[in-house]
Amino acid sequence: MPFRSRYTGLIDTYRDRLPVHDDTRIISLGEGNTPLIRLNNIPGFLEAEIDIYVKFEGLNPTGSFKDRGMTMAVTKAVEEGSEAIICASTGNTSASAAAYAARAGIKAFVLIPDGKIALGKLAQAMMHGATVIQIKGNFDVGMQLVKDITGHAPVTIVNSINPYRLQGQKTAAFEILEELGCAPDYHCIPVGNAGNITAHWMGYKEYNEHGIVNSLPVMVGYQASGSAPFMRGAMVDAPETVATAIRIGHPQSWDKAWATQKESKGWFDECSDQEILAAQKMLADREGVFCEPASAASLAGMIKDVKSGKIPAGSKIVCTLTGNGIKDPDTAIKQCRAPLQSVEATLDAVKRAILDNI
Ligand code: F0G
C-alpha cells in the first residue's frame, strides 16, 4: 500500500523560509496546515455576491493560531539553551506556551489576568504543567511585568514581541496563497496586540517578493469596541470586551500594524460585543464552524463592511478564525437555547420532544 507523506508541522514544511538550521531540534506538535473552509450558506443569507473563506486556526494542536508562532519561538529558545519561557496572556498564548514547553521538556511561566480568561485555556495551561501566575491586573499590566522580569530571571519571552513568533505565524499567509493560487481581495482578521495581522502581511509580501505569486490582499483589522486602540488612535487603559482574548488596550505591534494598514491600503474597524457574539452564533448555526468570540470579530466586521459596500460585490474574502470555540464554553452556552430539561427516559417522551421541535 502506498504511504501518504506525513505532515510534520510548519517548520518542516517551510524550512527554507524560516530561521532554522539543518541540525536544529524542532519542537513541533504538527501545527499549521489548517483548513480554509468556503462558506456555503452565509453569503446567500447576506444576499451578497461574495466568496468567503474562513481559515480555521482553531484546529491547530492547542486550538489557536498561537501554535504557529510557538513552534518557532520554543524551537529557537531551546536552540539558544533556554530552560524556561514566560509570557503574559489573555489565554491562548499561555495554553500554547505551556504545551510546547512540555513538549520541549522546559518550564513555562504564564501571567494571566485574574478571572478574565476562558476556562478551557486555563485548563490547558494547568494540564501542561505551566506555573500559572494570576495577576490582579489586565493583560497590558502583565505584559509590562514580563518585559521587566527578563533582567531578573533566566526566562525567554515568547509573546509576539519575540520575532520568531511572527516568523512562524507568517506561514498562515503562505498556506492561503498556495490554496487559492492568489491572494484574496480582502483579508479580515481580529486584532489584539496586532502581531498576527503583521505576520500575515509579512507572509503575503514574502511570496510576492520571491515571485511565487503576484497579488496582495487589502488587510482589514477588527477590534472589539471596548478594546479598540487602533480606532481611538491612542492606547486604551481599561479595555473591556466579552471577547477576552482581545481584551488588550496597549498593542505591542502598534507601529507595525499601522504600517500594514498603510501598505496594504486597508483599515481598522470595531465591532460591539453583541455583533461579535451574533457572528459567532451565526457561523456555528449556519456553517458548522465553532470559533471563539475574539475570532468572530473578523466575521462580524466583514459582514458590516459588505453591507455598507466598503467591501464590494465580487470580492474574494478570507476571514481568520483565530481560536476554537470549545475553549470558552461559558460564553457559548449563555447565548444558546437551554437543553430540553427533565425529559422522561421513555420512547413516548423522547418522541414528543422530537415532534415538538422538528
Ligand atoms: N484571536 C485570539 C483567539 C487571540 O487569542 C488573540 C490574541 C488574537 C485574536 C489577537 O491576535 O494579538 O496577534 O493581534 N491572544 C493573545 C493571548 C494576546 O495572550 O493569547 P494579536
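The lining of the largest cavity comprises 10 nonpolar, 12 polar and two charged residues, where Ala, Val, Leu, Ile, Met, Phe, Trp, Tyr, Cys and Pro count as nonpolar, Asp, Glu, Lys and Arg as charged, and the others, Gly among them, as polar. The model is predicted, with local features requiring pLDDT of at least 70 and side-chain atom pairs counted only at pLDDT 80 or more, while totals for chains, interfaces and linings use all residues. Residues are numbered from 1 along each chain as its sequence is written, and side-chain values use heavy atoms, leaving out hydrogens and water.

Of the 24 residues that line this cavity, Phe65, Lys66, Gly192, Asn193 and Ala245 lie nearest its centre. On a 1 Å grid over the protein atoms alone, a cavity is a set of points where a 1.4 Å probe fits but cannot get out, whereas a pocket is an open set with protein on both sides within 12 Å along at least five of seven lines, and lining residues have an atom within 4 Å of a point. The table sets out the two spaces; grid points are joined across faces, edges and corners, and a volume is the space filled by probe spheres set on the points.

| Space | Volume | Lining residues |
|---|---|---|
| Largest cavity | about 310 Å³ | 24 residues |
| Largest pocket | about 290 Å³ | 15 residues |

In the largest pocket, the lining residues closest to the centre are Thr244, Asp328, Asp330, Thr331 and Lys334. Helix 14 (329-334) and helix 5 (119-127) each give two or more residues to this lining, helix 14 giving the most, with three; helices (H or I, at least four residues) and strands (E, at least two) are DSSP runs numbered from the N terminus. The pocket lining draws at least three residues from each of domain 1 (10-63 + 165-335) and domain 2 (66-162), with bounds that come from an automatic or database domain assignment.

Helix 4, which supplies at least two residues of the cavity lining, spans residues 92-104 and includes Asn92. Asn92 is buried, with a relative accessible area of 5%, buried meaning under 20%, exposed over 50% and partly exposed in between (1.4 Å probe, protein chains only).
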